[in-house]
Amino acid sequence: GCIVLTGTDLSAGRAVGLTACISASLLQNAENLANKMWPEIGTLPIWAVIIIAMAIGALIGCFNGFFVAKFKLHPFIVTLGTQLILYTFLLLYVQQGNNKGMAISNLDPSYTSFVKGSLPFMKVGSTPIPNYVIFAVILTAIMWFVWNKTTFGKNMFALGSNEEAARVSGVNVFGVTVGVFALAGAMYGFTGFIEGARIGSNTANTGLNYELDAIAACVIGGVSFVGGIGKIRGIVIGVVMLRLIFVGLTMVGVPQDLQYLIKGAIILFACALDMRKYLVKK
């Protein structure tokens, strides 16, 4: 959504890391108080932690969207600043309570089974499908509906295509911009909740460079940086293709350091191709 508005969000990875550490700290095993970050709190209900994580993510998104919409700053600059602010908060948070900068682990079994467990009938052959895959499918369906079947989604594409024309047409530019960033932030929060259990041992490096994977997947999937162009199915294809590429590189023994080079090259090539198509069309 941020790219559809001709911007991007460089704070995504740190937002995921912060909400992952917060989720993990609130859902540690209450039976082992010596290794619990907040022993006086206990283990919160899972639904409450999901709401907390998504609310924190949405607030981060509102912060980004406000500065973009109110002061007409480029999202790259705003979210770069937010990224650094969130990293500071993350470094400070992991040092609080009993944690003292250590990895946040010792998670409650109900949390890990909720995320990494699977339903008995959800299998591909004999391989169980983790619950987080089901959550991803559900959220993808919800986002498809928001983008394609709601006034908010139509206004988002109108704003990304031509801000002035959208304003003249009665679109609330400020509200839509803040809403897009807030919605993105809420998704970062839910992702953080998932990653907290999936990783199992969360540190200040959780979420590092996640925004690069997101940007690469989007541009591969046809979301244009010129604004107003993008489809959910294209993004899903981009995600799958990107993961297949890097799983394949790992299987053939390409070093991790070179994979970052390849990821950067993919982003440059995809963006150059996108701009070339735009100029030809123009």
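# Questions on a predicted model

Author: Leu92 sits in helix α3. The model is a predicted one.

Reader: Why is Leu92 called partly exposed?

Author: Its relative accessible area is 46%. Buried means under 20% and exposed means over 50%, so Leu92, at 46%, falls in between and counts as partly exposed.

Reader: What makes Leu92 part of a surface patch, and which residues form that patch with Leu92?

Author: The patch is nonpolar and consists of Phe63, Ile85, Phe89 and Leu92, with about 370 Å² of accessible area together. Patch members need over 30% relative accessible area; Leu92 has 46% and therefore passes. Helix α3 supplies the largest share of the patch, 3 residues.

Reader: Which residues touch the most other members of the largest nonpolar core?

Author: Tyr111, Tyr188 and Phe193 do, in a core of 36 residues. At least two residues of this core come from each of α1 (12–26), α2 (46–71), α3 (75–93), α4 (109–116) and α8 (173–199). The most come from α1, with 8 residues.

Reader: What does Tyr111 contact, leaving aside neighbours within four places in sequence?

Author: Tyr111 is in contact with Ser23, Ala24, Leu27, Ile46, Gly192, Phe193, Gly196 and Ala197. The model also has a second, separate core of 20 residues, which includes Leu5, Phe157, Ala166 and Val173. As a general point, nonpolar side chains tend to be buried together in soluble globular proteins.

Reader: How do you know whether Ser224 is buried or exposed?

Author: The relative accessible area of Ser224 is 2%. The cut-off for buried is under 20%, so Ser224, at 2%, is buried. Ser224 belongs to the loop between α9 (210–220) and α10 (232–251). Not counting residues up to four places away in sequence, Ser224 touches Ile3, Ile229 and Asp274.

Reader: What makes Phe269 count as exposed?

Author: Its relative accessibility is 58%. Exposed means over 50%, and 58% is over that, so Phe269 counts as exposed. Phe269 is in helix α11 (residues 256–281).

Reader: How do you know that the length of α11 agrees with what its residues should span?

Author: At 1.5 Å a residue, the 26 residues of α11 should span 38 Å. The end C-alpha atoms of α11 are 38 Å apart, so the two values agree.

Reader: Which residues of α11 are buried, and what covers them?

Author: Gln259, Lys263, Ile266, Ile267, Ala270 and Asp274 are buried in α11. Their cover includes α9 and α10.

Reader: Why is the pair of Asp213 and Lys263 called a salt bridge?

Author: The N to O distance between their side chains is 2.5 Å. A salt bridge needs a side-chain nitrogen of Lys or Arg within 4 Å of a carboxyl oxygen of Asp or Glu, so Asp213 and Lys263, at 2.5 Å, qualify. Asp213 belongs to helix α9 and Lys263 to helix α11, so the pair ties together parts that are 50 residues apart in sequence.

Reader: Are Asp213 and Lys263 buried or partly exposed?

Author: Lys263 has a relative accessible area of 12%, which is under 20%, so Lys263 is buried. Asp213 is at 22% relative accessibility, which lies between 20% and 50%, so Asp213 counts as partly exposed.

Reader: What makes Glu164 and Arg167 a salt bridge?

Author: Their closest N and O atoms are 3.1 Å apart. The limit is within 4 Å, so Glu164 and Arg167 form a salt bridge. Both lie in helix α7 (residues 163–168), 3 residues apart, about one turn of the helix. An α-helix has 3.6 residues a turn, so residues three or four places apart point the same way. Glu164, at 48%, is partly exposed, and so is Arg167, at 35%.

Reader: How far apart are the closest N and O atoms of Arg198 and Glu195, and which of the two residues is buried?

Author: The closest N and O atoms are 2.5 Å apart, and the two residues form a salt bridge. Being 3 residues apart in helix α8, they are separated by about one helical turn. Glu195 has a relative accessible area of 7%, which is under 20%, so Glu195 is buried. Arg198, at 37%, counts as partly exposed.

Reader: How many salt bridges does the structure hold?

Author: The structure holds 5 salt bridges.

Conventions: Residues are numbered from 1 along each chain as its sequence is written. This is a predicted model: local features need pLDDT of at least 70, side-chain atom pairs count only at pLDDT 80 or more; totals for chains, interfaces and linings use all residues. Side-chain values use heavy atoms; hydrogens and water are left out. A nonpolar core is a set of buried Ala, Val, Leu, Ile, Met, Phe, Trp, Tyr and Cys residues joined through side-chain atoms within 4.5 Å. Buried means under 20% relative accessible area, exposed over 50%, partly exposed in between (1.4 Å probe, protein chains only). Helices (H or I, at least four residues) and strands (E, at least two) are DSSP runs, numbered from the N terminus. Contact means heavy atoms within 4.5 Å. The expected span of a helix is 1.5 Å times one less than its number of residues. Patches are made of residues with over 30% relative accessible area and no salt bridge: like charges are joined within 9 Å, nonpolar side chains (Val, Leu, Ile, Met, Phe, Trp, Tyr) within 5 Å. Accessible areas come from the Shrake-Rupley method with a 1.4 Å probe; for residues, only the protein chains shown count as cover.
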